[in-house]
Amino acid sequence: MGSPEARDSTPAAAGNKPPTIADVARAAGVSPSTVSRALNREHRFYRSPSAARIREVADAIGYAPNPVASNLRRRQTNTIGVLVPRLTDTVMAMLYEEVAAASLRRGYHTLVATTHDDPAREHENGDVLLQRRVDGLILTTARTDGGFCQDLTHKGVPHVLALRRYGESSAAVGDDHLGGYLATRHLIDLGHQRIALIAGPTYASSALGRRAGYQEALREAGLPLDERLILPSTFSMESGEEAGQQLLALTPRPTAVFAVNDNTAIGVLAAVQRAGLRVPEDLSVAGYNDIPLAARLALPLTTVRVPFDAIATAAVDQLIDLINGAPAETRTFAPTLIPRRTTVRAA
C-alpha cells in the first residue's frame, strides 16, 4: 500500500481536476472497489485498519467524495419511508420524531405517511413512498394477517417493523408480554382480584402480547380468567371510555383495570368520573406507554414505560443494515413499570 507522501506521484496532483477514486486506488496500491468499501461507513470493511490507511491516503491527496454521485451509483436516495397509523396519536408522533432524529444522525432523511390502520390505505400510501424511491420502510402498522408487510417481504423491499411484529420481518419492539405482566402483577400485589383488561385490537401484535402478559400474571397468582372482564378496543380515548362504561355496569364491578395503552386508560378515567365514582378508591387504573400526558394529569397515571428512543434508533440501524445486505433480526427492549396515583391497595 502506498503512503500519504505518494500524493505528488498521482496524476491529480499535477492538474486542476479533483482527485478521483481511481487516483486514491493508485496512490494506495489497491483496487477502486476496495477504496469504495473503505469510504463506505455502512460497509463492515470501513472499521478495519486497512480501510483507515486508505482513508489517510485519500485525505493526503485531497480526495473528497461526492455523496450525490455515490448514491446515484448505488441507486440510493438516503431517504427512509415511515408508515404510522396516525400522527394525532401521541405514541406514533413520539416514535416518528425519534425515528427522524436517529435517521438524521445516520445521514438519512425521512418521509412519513399515515394509514389510519386501514389495510387499503397502508398499501396505497406505502406504494406512494416506494414511488418516491425511499431506500426502505419503517412500519408501525404491521398486522397479524401480514398484509402490506407480507407484500414487502415477497418483493424484497428492505423494511423494519417498529412496536409491532410479523413473521420473519426485522422488528424493533418493546417486550409487550413482559409489560402486560408487570402492569397486572402490580395490581395483584396491591390485593386486587377482579382485574379487567381493555385489550386493544386483535390485529396488533403489541396488544396481543400485553394480553398474554395479563393472562400469565393471573395464572401465576391463581386467579380465574373471567372473559367478561376482557373487552376489545381500539387505541383511542373514546374506545377506552366506552369500555370503561361497560365495566362499571358489571355486577360485581372490577376493582382494577389494565388498559393496553395510555389513551384507553385516560378514557377509563373519564368514564369513572362520569359515573360519579373515584379513581383509585373505586377503581384502580393502569395504562401503557408512559406518554408525556400520563405524568401531568390531575391524577398522574400508573403506566408501563416503553423506551421509544431505543426502539427508534434500533429500527433505523436495522433498516440501514438491511439496505446494505445484512440478515433480518428482531431486537426487543424491556419496559418499566411506573407506579403513580391511579392505583392503590384494594379495600
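This report describes a sheet, a cavity and a few individual residues in one predicted model.

The structure is a predicted model, in which local features need pLDDT of at least 70 and side-chain atom pairs count only at pLDDT 80 or more, while totals for chains, interfaces and linings use all residues. Residues are numbered from 1 along each chain as its sequence is written, and side-chain values use heavy atoms, with hydrogens and water left out.

**The sheet and its helices**

Strands of a sheet pair through backbone hydrogen bonds, either parallel or antiparallel. Here six strands make up an open sheet with parallel pairing, and their order is β2-β1-β3-β4-β5-β11. The edges are formed by β2 (109–114) and β11 (330–333), each of which pairs on one side only, and from one strand to the next the twist averages 15°. Helices (H or I, at least four residues) and strands (E, at least two) are DSSP runs, numbered from the N terminus, and two strands are said to pair if DSSP finds at least two bridges between them.

Helix α6 lies across β1 (79–84), β2, β3 and β4, and runs at about 160° to β2, whereas helix α7 (residues 119–131) lies across β1, β2 and β3, and runs at about 170° to β1. Axes are lines fitted to C-alpha atoms, for helices over the stretch in contact, and angles run from 0 to 180 degrees between N-to-C directions; contact means heavy atoms within 4.5 Å.

**The cavity**

A cavity is a set of points on a 1 Å grid, over the protein atoms alone, where a 1.4 Å probe fits but cannot get out, and its lining residues have an atom within 4 Å of a point. Grid points are joined across faces, edges and corners, and a volume is the space filled by probe spheres set on the points. The count comes to one cavity of 30 Å³ or more, and the largest cavity holds about 140 Å³ of space. Its lining includes Asp 89, Met 92, Arg 164, Arg 210, Phe 235 and Asn 289, and α6 (90–105) and α10 (205–221) each supply at least two lining residues. The lining divides into five nonpolar, three polar and three charged residues, where Ala, Val, Leu, Ile, Met, Phe, Trp, Tyr, Cys and Pro count as nonpolar, Asp, Glu, Lys and Arg as charged, and the others, Gly among them, as polar.

**Backbone details in loops**

Most residues other than glycine have a negative phi, and most peptide bonds are trans.

| Cis peptide bond | Omega |
|---|---|
| Thr 251 and Pro 252 | about -5° |
| Val 279 and Pro 280 | about 5° |

Pro 252 lies in the loop between α11 (237–248) and β8 (256–259), and Pro 280 in the loop between α12 (262–274) and β9 (284–286).

Asn 78, in the loop between α5 (67–74) and β1, has a positive phi near 55°. Because its relative accessibility is 18%, Asn 78 counts as buried, a word that means under 20% relative accessible area, with exposed over 50% and partly exposed in between (1.4 Å probe, protein chains only). Asp 290, in the loop between β9 and β10 (303–305), has a positive phi near 60°, and Asp 290 is buried at 12% relative accessibility.

Definitions and conventions. On a 1 Å grid over the protein atoms alone, a cavity is a set of points where a 1.4 Å probe fits but cannot get out, and a pocket is an open set with protein on both sides within 12 Å along at least five of seven lines; lining residues have an atom within 4 Å of a point.
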